[in-house]
Amino acid sequence: MEKVNFVLVGAGRAGMVHARNLVHYIPEANLCALVDVNLEQARKSAEEVGVSKYYASFEEALEREHFEAVCIASLTFTHREIIEKAASVRKHIFCEKPLAQTKEEAEKIQEVVKKTGIKFQIGFMRRYDPEIRKAWEMVREGKIGELVLIKSTGRGPGLPPAWIWDRSKSGGMLAEVSSHDIDSMLWFAGQKPGTIFLMARNFKGQEAREKFPDFYDHYVLTVNFQNGPMGVVDGGCPVGYAYDARIEILGTEGMIRVGETDIPGLTWYTLDKKSIRETQSSWRNRFKEGYLEEMKSFIRCIIKDEKPSPSLEDGLRVVRVVETAHQSLEMGKPVLFEGEW
Ligand SMILES: NC(=O)c1ccc[n+]([C@@H]2O[C@H](COP(=O)([O-])OP(=O)(O)OC[C@H]3O[C@@H](n4cnc5c(N)ncnc54)[C@H](O)[C@@H]3O)[C@@H](O)[C@H]2O)c1
């Protein structure tokens, strides 16, 4: 196979990042059609990337298009249904994070996909960010000795769309905003978590809190790896000042830090002795390379018949950590992570 034919399901914010990459930057890909339950959104998005076919349902695309792979970037609570349909006809699957809104849903997905032998990759694009990848390699080479602490910060400038406020649909803010941070922490630690503790509060999202009493907008998650480092993920939105994604890895023989709040480049020095720099404003720009490289890798794995990474199991691990963290939040104390690894 020289080219992989794709259908995109969910032509919104994340979906269009993938659509643009598939159409403009990956010669081994062919985007046949876009699907969105909002047909007008599908039409506009298809027009933007110059694709002539668009549908309001995945079933229609399955009936009418010949393709090998599906890119799923619809709302989190719809992932399972689309994955099951795609897996039943052996389409390879790239699925956006989080894999699902609950552990139960994610485990059902795993059951279905396992039986098929299709390729499956979860959208943890930070693993393809050149700096984070380099940091991971340095840690594996022992450049900073034994791991002591992994700290990942993920803050967004605005409040996410309203469907995310509902934990039963999105998995909550921890899943929506910080799945990437949790995955990075697990990837660097390379082992099963021990105790997990989530502290979360609502500082800004009054409207969301009125509709969903369990809504929180800022949080700190701590993970004590049994025979390894300590982990901290802090996150929140809307912070207003930037899209702020940073990771710091402390070892017994040094420290590695990745990510800047500022955009490197121009600094404006003013006469009142201030210096002004622009901050990162969007995940799309900060992880531009990561989104492109993750998709190229998925396509390479289909063409060369290799196992994609990060895997469905990586997606499932993050969902399990989120669910344990929410148990800890409800109990107000650390909870031992239980379950397979
Ligand atoms: N990897 C990342 O950094 C990243 C960034 C943003 C969002 N995401 C994830 O991507 C997914 C989509 O989030 P978003 O912010 O792009 O949302 P969005 O609302 O911008 O877009 C989602 C689109 O999916 C459509 N849709 C909903 N149900 C559908 C269905 N059953 N079939 C087809 N289309 C359907 C909606 O109409 C909408 O146009 C979520 O799971 C989210 O967590 C990942």
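**View 1. Trp283 is a buried residue in this predicted model.** Its relative accessible area is 18%. Buried means under 20%, so Trp283 falls within that class. Tyr291 is buried too, with a relative accessible area of 6%.

**View 2. Tyr243 and Phe287 form an aromatic pair.** The structure holds 10 aromatic pairs, and Tyr243 with Phe287 is one of them. Their ring centres lie 6.4 Å apart. Tyr243 has 9% relative accessibility and so counts as buried. Phe287 is also buried, at a relative accessible area of 1%.

**View 3. Trp283 and Tyr291 make an edge-to-face pair.** The ring centres of Trp283 and Tyr291 are 6.2 Å apart. Their planes stand at 65 degrees. Angles over 60 degrees count as edge-to-face, so this pair qualifies.

**View 4. Arg286 lies over the face of Phe287.** Arg286 is 4.3 Å from the ring centre of Phe287.

**View 5. Lys91 lies over the face of Phe67.** Here Lys91 is 4.3 Å from the ring centre of Phe67.

**View 6. Three phenylalanines form one aromatic cluster.** The members are Phe6, Phe94 and Phe298.

Terms used
Residues numbered from 1 in each chain as written. Predicted model: local features only at pLDDT ≥ 70, side-chain atom pairs only at ≥ 80, totals over all residues. Heavy atoms only, no water. Phe/Tyr/Trp six-rings, centres within 6.5 Å; stacked < 30°, edge-to-face > 60°. Buried < 20%, exposed > 50% of the residue type's maximum accessible area, 1.4 Å probe, protein only. Lys NZ or Arg CZ within 6 Å of the ring centre and 35° of its normal.
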